[in-house]
Amino acid sequence: MVLACPMASATPSNEAATAIPPKPMANAPYWNAKLPVAERVADLMKRMTLEEKVAQMVSTWVNKTKIQDSDYNFDPAKATARYPNGLGFFTRASDKEGPGSPRVLPPRSIVESIAYVNAVQRWSREHTRLGIPVLFHEESLHGLAARDATSFPVPMGLASTWDPNLVRTVNTLIAGEVRSRGVYQVLSPVVDVARDPRWGRIEETFGEDPFLVGEMGVAAVEGLEGPGKDPKLAPGHVLATLKHMTGHGEPQSGTNVGPANMGERELRSVFFPPFKQVVDRTAVASVMASYNEIDGIPSHSNKWLLAEVLRKEWGYPGAVVSDYEGIEQLDDLHHVTKDYAGAARMALEAGVDVDFPDGEAYSTLLQQVKDGKIPESAIDNAVRLILTMKFNAGLFEHPFVTDIKPALASDGPAGQALARKAAAESLILLKNDGALPLSLPTDAEHKPTIAVIGPNANVARLGGYYGIPRSTVSPLAGIRALVGNRANIVFSPGVVITKNDDWWADKVELGDPAKNKEMIAQAVQAAKNADTILLFIGDTEQTSREGWATNHLGDRASLDLVGQQNDLFNALKALGKPIVAVLVNGRPPSYPTVAANADAILETWYAGEQQGNAIADALFGQVNPGGKLPVTVARSVGQIPIFYDHKPSALRGYLFSDATPLYPFGWGLSYTSFKFGAPVLSASTIKPGEGVSVRVPLTNTGKVAGDEVVQVYLRDEVSSVTRPVKELAGFRRVTLQPGETKQVDIAIRPDAFGLWNRQMKFVTEPGAFTIMVGPNSQDLQKVELKVTQ
């Protein structure tokens, strides 16, 4: 089945359409793929008018309705009228009219989406003077956010695997599904270090630790773009966008886009490292500025951040893109300028090259250059980077989708199998008093009764920035499929958390208390004769999400369960039955009543389209949970900020409450047991600039196979500036059969020993270091290391 550059039509066809149109100026060097990219860029730029250059710096999303007909098809005539000099970027070909819920207006089908992309690219070649292709981008944080694409666990769940190889594989599949639809850029991954669980976007991150976030970020970019530093995309890959630079993950009061109150040393020690690791180790194509301010300077206007640190100090060669309306917010949110023209000048001077999603501020650049307010050289600098990105992507050679078969195969058996594997690896056993795994008898006459209760039992929650996979498996469906007729399954929802669970909907209303009280009584009645209660509780996509506007909130001032879920738990607990709490949520599970009183607790996050099968496998022992927490879980909101790598003076204690976390960073149990031997260093003494390896024997002392994550931490015993009580410096997920022992070697990189001294220089100071090894950040064995002059 072939689709060759169809014109937009009310009924897009799967069949071949018109031939690929000829290139304008076909003999110009910029079309010659054999020439170096720099030569092609230089040739193209000398041919471009100022108007054509500025056109490359903007995108369209809300405005796409103005270049479409009444059936949502692309209209070349309207596009030419609105964008006579072409268009640099296009925001989300998958949706029909910009921001809005796919439940309200279903997104384009694969065929429709490809037809749309091809129509836009045909217009750019036939109706613009130079034929510069348009760079489409999509959201793909845990799967392409479109129809019939594979949906994986949210990044917090992927981080819980502690498996960079899996994250790389997942993102490779995502890249293939995106690229097959003619889209060459994704807004992923997020490498914000997240340090406030009140923040609704915490689920989009890889957690609280700079090292873990960096390793997962590198793996994600390698999956999306391919490994190595070559900026040219191979087939099946897409341009990654690293976001959000920076401080975004610890906003004031935990509210989205709030100020990041931190000093330069904290930025360099905690929030910069994941970005720098990705820049140093990959060919990441673009970096997105963050919404927040740091010390009074919003990131979209922060020249020190984007120009001095990112470009000059780190040597980052790529483009910087705005977050959606981030430039415009310099005016209407931060009030550091009086209009969009001023915002455009500030952002351009700071080093922001592209204005997403609709170019409202950068549409003023043309007149500002003509008025002498902005030098054309500033425009040239940005456009050079944009064109470089397009040439490196191969977009000039392959702007059209000519074979639709790969796209139609999206979310097929391979994707579903990988989604199930990723979900299984992400599951974390937080507590187990022997209630898990559940067993099923072989004697059909003695079938147990299992009560599946809760508002998250009969729905597959996908989290924010979700797509619409071909099918999803709820936990209830997964349990029924696994159990078959070997047990009696009874179900009751128990409560309604929110009346609507659409992530896109602005209004959020909790379930009716009187109705919930009735539903709790019904759930108790359903469960009274059960042998075991499986209680599915947590969040909906509305109770923890991105709060992108004052009328679309998503952050919370409390961390415990909402919607009378604690009442449901207590009522069921009173039955005296074994109760297994299965947590389906986006934020860390600060549920003290459940933690104290459940017989077992399984954290599942939003685990993607195959979550029901993976959860059922874990509950019944077909899979042994091996995930670990990538965040510290607070006992109450009063402990915030709480993270494992705190400074020595922090967390001295509280009156009338505990200073320890509910669950420590790196925590996770298993159905088997592991024994750590004494760690041994490859050298007891090293010099600054050298690394060291630690070896630890690990034995599965239980009766079933299982995964353990060997975690290595270090502590600088005396330093010229304060350092954390411990810092993650290495990890490895290991699978062991019963009775098996492996010698696990983990390298600690030289930079792990460094610090930003009082002169703000990165140095390694001689002295004593303690190296700590164990299954989590709390239960550790120690060995001493000395760094000499």
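Axes are taken here as lines fitted to C-alpha atoms, for helices over the stretch in contact, with angles running from 0 to 180 degrees between N-to-C directions; helices (H or I, at least four residues) are DSSP runs numbered from the N terminus. The structure is a predicted model, in which local features need pLDDT of at least 70, side-chain atom pairs count only at pLDDT 80 or more, and totals for chains, interfaces and linings use all residues. Residues are numbered from 1 along each chain as its sequence is written, and side-chain values use heavy atoms, with hydrogens and water left out.

The axes of helix H8 (residues 264-281) and helix H9 (residues 303-313) come within 12 Å and cross at roughly 50°. H8 and H9 are therefore oblique to each other, given that angles under 35 degrees count as roughly parallel, over 145 as roughly antiparallel, 65 to 115 as roughly perpendicular and the rest as oblique. In the contact (heavy atoms within 4.5 Å), H8 contributes Glu264, Leu267, Arg268, Phe272 and Val279, while H9 contributes Trp304, Leu305, Val309, Leu310 and Glu313.

Helix H7 (residues 210-225) packs with H8 at an angle of about 25°, their axes being 8 Å apart, which makes H7 roughly parallel to H8. On the H7 side the contact is made by Pro210, Val213, Gly214, Glu215, Gly217, Val218 and Val221, and on the H8 side by Ser269, Val270, Pro273, Pro274, Gln277, Val278 and Arg281.

How values were computed
Helix = DSSP H or I, 4+ residues; strand = E, 2+ residues; numbered from the N terminus.
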